[in-house]
Amino acid sequence: KEGRYHAAADYASTAKSMHLKKHEWSSMLARQQNVCLRSALRGLGPAKQCGEIELHVFTAAARQLEEVDDTTPYGLHRTSVVAYFFMLREIELSLMLYESVSLEPEAMIVRILLPASKTDPAALSCTRFWGCVCEDATKPNENKCPFHAAAIQKEKLKEKFGDAVHDDGFTFAPRADGGTVSKALMVKAIQKTAHVAGLRLKDDEDRDIHTGHIFRIGGTRHM
């Protein structure tokens with residue numbers, strides 16, 4: 001309770017499963033389990049939610065961050081647009097392969113391969129797509145449009161890394177040296193971007209406000 005865990009039922013369920021391997025589950029134990037769960041959850045309130053950063057605020061701050069911090073994932077101000085529209089988790093963005101992002105220039109559509117299960121973000125089996133959302137297609141806006149953000153990101157990666165982009169495992173949102181961005185580094189970049197945007201980083205309980213779900217939260221509301 002002091003740790004403010006909202007998943008007490010999961011721990012209790014695991015304990016029950018271990019108990020049942022050798023012993024019966026009595027009505028007295030069942031009652032005590034319910035008592036303990038009510039006590040653990042009482043007064044906790046709703047679970048902590050990730051903070052929101054509007055897309056235009058995030059892209060502007062990310063662009064500034066890229067200019068002064070070389071640990072920032074390459075082209076974050078573009079890849080974040082893709083992440084917002086496709087509502088990706090930070091691990092999905094960091095592991096998404098260059099070859100998993102395909103473009104249809106004439107139709108101005110971007111398609112990406114996504115994992116069907118969040119427990120295995122590298123197992124790709126689901127395809128989703130977005131078209132151009134620019135008000136004027138002759139004036140592409142990489143800060144607002146998922147198609148143009150993806151197209152320009154792929155073009156810039158090709159210019160910087162050459163044929164290496166076609167190597168197995170080369171990602172769509174790599175580090176500046178071409179390496180894969182870890183989940184921790186992506187979350188750190190998100191928090192640094194929030195700092196550049198002048199946003200509060202910690203809540204009243206000293207917990208991070210902006211986490212790896214920022215794109216899912218912001219993307220849902222951006223729609």
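How many aromatic pairs does a search of the whole structure find? The search finds seven. This tour visits two of them, then moves on to charges and a helix. Keep in mind that the model is predicted.

**Stop 1: the whole chain**

Start with a cartoon view. The protein has eight helices and three strands. Follow the chain from the N terminus: the order is α-α-α-α-α-β-β-β-α-α-α. Colour by burial next. Of the 223 residues, 39% are buried. The accessible area is about 12,900 Å², and carbon and sulfur atoms account for 53% of it.

**Stop 2: Phe 85 and Trp 130**

Two values describe a pair of aromatic rings: the distance between the centres and the angle between the planes. Select Phe 85 and Trp 130. Their ring centres lie 4.9 Å apart, with 85° between the planes, and the pair is edge-to-face. Why does this pair tie together separate parts of the sequence? Phe 85 sits in helix H4 (residues 76-86) and Trp 130 in strand E3 (residues 124-131), so the pair joins parts that are 45 residues apart.

Phe 85 has a relative accessible area of 5%, so Phe 85 is buried. Trp 130 is at 27%, and therefore counts as partly exposed.

**Stop 3: Tyr 98 and Phe 170**

Select Tyr 98 and Phe 170. The ring centres are 6.5 Å apart and the planes meet at 80°, so this pair is edge-to-face. Both residues are in loops. Tyr 98 is in the loop between helix H5 (90-95) and strand E1 (101-104), while Phe 170 is in the loop between helix H6 (146-161) and helix H7 (183-196). The pair links distant parts of the chain, 72 residues apart. Are Tyr 98 and Phe 170 buried or exposed? Both are buried.

Then show Lys 154. Lys 154 lies over the face of Tyr 98, at 4.3 Å from the ring centre.

**Stop 4: Arg 111**

Select Arg 111 along with Phe 129 and Glu 104. Arg 111 lies over the face of Phe 129, and the distance to the ring centre is 4.8 Å. Arg 111 also meets the side chain of Glu 104 in a salt bridge, at 2.5 Å from N to O.

**Stop 5**

How many salt bridges does the structure hold? There are eleven. Select Asp 69 and Lys 192. The closest N and O atoms of this salt bridge are 2.7 Å apart. Asp 69 is in the loop between H3 and H4 and Lys 192 is in helix H7, so the bridge ties together parts that are 123 residues apart in sequence. Asp 69 is at 15% relative accessibility and so counts as buried. Lys 192, at 27%, counts as partly exposed.

Move to Asp 163 and Lys 158. Their side chains meet in a salt bridge of 3.1 Å, N to O. Asp 163 is exposed, with a relative accessible area of 60%. Lys 158 is partly exposed, at 32%. Next, select Arg 63, Arg 78 and Glu 142. Salt bridges with shared partners join these residues into one network.

**Stop 6: helix H7**

Finish on H7, the helix that holds Lys 192. H7 has 14 residues. From first C-alpha to last, H7 reaches 20 Å, close to the 20 Å expected at 1.5 Å a residue. Select the buried residues of H7, among them Leu 185, Met 186, Val 187, Ala 189 and Ile 190. Gln 191, Thr 193 and Ala 194 are buried as well.

What do the buried residues of H7 pack against? Show helix H3 (55-68), H4, H5 and helix H8 (214-222): these are the partners. Last, step just past the end of H7 to Gly 198. Gly 198 takes a positive phi of about 80°.

Definitions and conventions
Residues are numbered from 1 along each chain as its sequence is written. This is a predicted model: local features need pLDDT of at least 70, side-chain atom pairs count only at pLDDT 80 or more; totals for chains, interfaces and linings use all residues. Side-chain values use heavy atoms; hydrogens and water are left out. Rings of Phe, Tyr and Trp (its six-membered ring) pair if their centres lie within 6.5 Å; planes under 30 degrees apart count as stacked, over 60 as edge-to-face and the rest as tilted. Helices (H or I, at least four residues) and strands (E, at least two) are DSSP runs, numbered from the N terminus. Buried means under 20% relative accessible area, exposed over 50%, partly exposed in between (1.4 Å probe, protein chains only). A charge sits over a ring if NZ of Lys or CZ of Arg is within 6 Å of the ring centre and within 35 degrees of the ring normal. The expected span of a helix is 1.5 Å times one less than its number of residues. Contact means heavy atoms within 4.5 Å. Accessible areas come from the Shrake-Rupley method with a 1.4 Å probe; for residues, only the protein chains shown count as cover. A salt bridge is a side-chain nitrogen of Lys or Arg within 4 Å of a carboxyl oxygen of Asp or Glu.
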